[in-house]
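Take a look at the chain below. This report goes from its overall build to its parts, and then to the charged pairs.

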Amino acid sequence: MSALPALALSGPTASGKTAAALALVRALAERGVPVEIVSVDSALVYRGMDIGTAKPTAEERAQAPHHLIDIRDPAQSYSAADFARDARRLIAAIQARGALPLLVGGTLLYFKALMQGMAELPPANAAVRAELDARAARIGWPAMHAQLAQVDPPTAARLAPADGQRIQRALEVWQLAGRPLSELLATQSIACSDCPISENAIFSLEPADRAWLHQRIGLRFAAMLQQGLLDEVRGLRTRAELHAQLPSMRCVGYRQCWQALDGVFPLAELPERGAAATRQLARRQLTWLRAMPARQVIAADAPDASAQLVQAALGRLPA
């Protein structure tokens with residue numbers, strides 16, 4: 001029997017991906033098709049970061065095997081290249097078990113790494129990052145953005161002046177490689193001739209009404225605070241090896257909580273600051289998704305969004 005195809009479900013944060021994916025799991029189970037979920041989320045990989053990542057609950061994870069969740073300590077890194085390697089291995093193993101791999105998540109860089117390959121970039125360098133952080137503390141990220149524009153105009157053009165994480169990485173690559181990030185991405189991209197998932201097998205939950213998504217984001221972040229997100233971050237801050245510049249602590253929500261606890265802004269502003277950062281993330285995700293024209297878009301705010309996903313996914317399976 002030929003292997004079941006891999007399917008993927010993406011969309012911006014708070015668009016309802018987990019609920020829709022589990023609806024598909026149940027529908028396929030009724031047809032005798034077992035499903036295993038592969039998380040495509042750069043925050044869910046971290047242990048001890050449950051509330052702010054909207055990590056699936058134990059009850060939700062009991063409905064189907066889940067992979068690439070809780071596989072790293074927050075002090076460790078996990079790259080898009082790591083994900084592509086792990087996802088390929090998992091997809092093959094799931095198919096060998098006679099199950100359907102369902103990739104679910106909103107980290108679009110991970111999808112790109114899996115489907116298109118990754119450019120060979122220099123690894124992170126702690127000394128260079130420390131120097132860049134010190135410089136940014138003196139002159140601010142907008143001034144760092146202006147410096148990036150001098151050495152790598154294409155990259156600077158696509159980054160916001162306050163996007164410190166990405167500005168830092170672009171300047172780090174320039175210092176380590178002696179070539180701009182945009183040039184490396186253009187000339188060193190690795191062709192992915194044996195991609196384990198086809199573009200027409202990607203479904204995307206995207207709202208027809210952006211205000212619907214913004215309301216959900218605000219309500220969800222407020223709920224996370226009520227569930228104890230701030231205390232979760234307080235617990236993480238007790239670990240001496242964790243600091244604000246780690247990728248884990250730069251995740252949306254965690255970064256804002258860390259800043260509030262550092263006194264960067266009053267705690268009373270945290271609900272709106274966190275929601276605003278999440279809205280910005282959603283906008284970036286939607287921009288990435290628009291660059292994937294073969295995806296099948298399902299209106300996330302439609303009352304029958306999950307049913308639409310089930311019907312569309314069934315159409316991708318062999319008769």
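The protein chain holds 14 helices and six strands. The model is a predicted one.

Start with the overall dimensions. Along its principal axes, the C-alpha trace of the protein chain spans about 60 × 45 × 35 Å. The radius of gyration is 20 Å, and a compact globule of 319 residues would have a value near 20 Å, so the two agree.

Domain 1 is made of two stretches, 6–117 and 192–315, while domain 2 covers 126–189. Four residues from domain 1 and five residues from domain 2 take part in the contact.

How is the size of an interface often given? The usual figure is the accessible area lost when the parts come together.

| Item for domain 1 and domain 2 | Value |
|---|---|
| Distance between C-alpha centres | 26 Å |
| Buried area | about 510 Å² |
| Share of buried area from carbon and sulfur atoms | 30% |
| Salt bridges across the interface | zero |
| Residue pairs in polar contact | one |

Which kinds of residue does domain 1 bring to the side that touches domain 2? That side has two polar residues, two charged residues and no nonpolar ones.

Next come the charges. Side chains of opposite charge can pair when their charged atoms come close. The count for this model is 19 salt bridges. One of them joins the side chains of Asp-73 and Arg-239, with N to O at 2.8 Å. This pair links distant parts of the chain, 166 residues apart. Asp-73 sits in the loop between strand S3 (66–67) and helix H3 (80–96). Arg-239 lies in the loop between helix H11 (229–237) and helix H12 (254–261).

Note on methods: Residues numbered from 1 in each chain as written. Predicted model: local features only at pLDDT ≥ 70, side-chain atom pairs only at ≥ 80, totals over all residues. Heavy atoms only, no water. Domains from an automatic or database assignment. Contact = heavy atoms within 4.5 Å. Buried area = accessible area lost by both parts, 1.4 Å probe. Salt bridge = Lys/Arg side-chain N within 4 Å of Asp/Glu carboxyl O. Polar contact = N/O pair within 3.5 Å; in protein donor to acceptor, adjacent residues only side chain to side chain. Nonpolar A, V, L, I, M, F, W, Y, C, P; charged D, E, K, R; others polar. Helix = DSSP H or I, 4+ residues; strand = E, 2+ residues; numbered from the N terminus. Rg over C-alpha atoms; globule rule 2.2 N^0.38 Å.
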